[in-house]
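Here is a short report for a reader meeting this structure for the first time. Have a look at the chain before reading on.

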Amino acid sequence: MSDDRISAYFRPPKQVPPSERRGRSTIARPVAVTWKTCEEARRANRGKLPKRSEMMQAAMDKGVTFYTARTQVQEFMKWHRDGRDPTAWRGP
């Protein structure tokens, strides 16, 4: 009798405490900052989109709130995947 058990390791996603999800961004123009951060991350990744969580964390590290970062990173990814010309983007 062989032992055909499969083991898997589940790593739970990093949780953002609720106290950090609400409130106001600590910077001016958080939407523009998020888009600029996403574009910089894409360029640093040789034109490929990095993970959503990495782009969100980079934006939040700059003072953007959780929900603004989440929404704008999603919009940036959609914009990029729809084949928009990245050179047409007008950043801050």
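## The nonpolar core

This is a predicted model. Its largest nonpolar core has 15 residues. Met 55, Val 73 and Phe 76 have the most contacts inside this core. Three helices each supply at least two of its residues: helix 2 (30-44), helix 3 (52-61) and helix 4 (66-81). Helix 4 gives the largest share, six residues.

What does Met 55 touch, leaving aside its neighbours within four places in sequence? The list is Cys 38, Ala 41, Pro 50, Val 73, Phe 76 and Met 77.

## One side of helix 3

Helix 3 has these buried residues: Met 55, Met 56, Ala 59 and Met 60. They lie on the same side of the helix, because they cover an arc of only 135 degrees around its axis. Helix 2 and helix 4 are among the elements that cover them.

Just after helix 3 comes Gly 63. This glycine takes a positive phi of about 110 degrees.

## Aromatic pairs

A pair of aromatic rings is described by the distance of the centres and the angle of the planes. How many such pairs does a search of the whole structure find? The search finds four aromatic pairs.

One of them joins Phe 66 and Tyr 67. Their ring centres are 5.0 Å apart. Their planes stand at 80 degrees, so the pair is edge-to-face. Phe 66 counts as buried, at 13% relative accessibility. Tyr 67 is partly exposed, with a relative accessible area of 28%.

Another pair is Phe 76 with Trp 79. Here the centres are 5.7 Å apart and the planes meet at 40 degrees, so the pair is tilted. Both residues are in helix 4, three residues apart, which separates them by about one helical turn. Phe 76 and Trp 79 are both buried. Ring pairs also bring in Trp 35, linking Trp 35, Phe 76 and Trp 79 into a cluster.

## Salt bridges

The count of salt bridges comes to three. Arg 42 forms one of them with Glu 39, and the closest N and O atoms are 2.5 Å apart. Both residues lie in helix 2, three residues apart, or about one turn of the helix. Arg 42 counts as buried at 10% relative accessibility. Glu 39 is buried too, with a relative accessible area of 2%.

Glu 39 also meets Arg 43 in a salt bridge, at 3.1 Å from N to O. These two are four residues apart in helix 2, again about one turn. Is Arg 43 buried or exposed? Arg 43 is exposed, with a relative accessible area of 58%.

Glu 40 pairs with Lys 62, the closest N and O atoms being 3.5 Å apart. This pair links distant parts of the chain, 22 residues apart. Glu 40 sits in helix 2, while Lys 62 sits in the loop between helix 3 and helix 4. Glu 40 counts as partly exposed at 40% relative accessibility. Lys 62 counts as partly exposed at 38%. Shared partners join Glu 39, Arg 42 and Arg 43 into one network of salt bridges.

Terms used: Residues numbered from 1 in each chain as written. Predicted model: local features only at pLDDT ≥ 70, side-chain atom pairs only at ≥ 80, totals over all residues. Heavy atoms only, no water. Core = buried A, V, L, I, M, F, W, Y, C linked by side-chain atoms within 4.5 Å. Buried < 20%, exposed > 50% of the residue type's maximum accessible area, 1.4 Å probe, protein only. Contact = heavy atoms within 4.5 Å. Arc of directions from axis to C-beta. Phe/Tyr/Trp six-rings, centres within 6.5 Å; stacked < 30°, edge-to-face > 60°. Salt bridge = Lys/Arg side-chain N within 4 Å of Asp/Glu carboxyl O.
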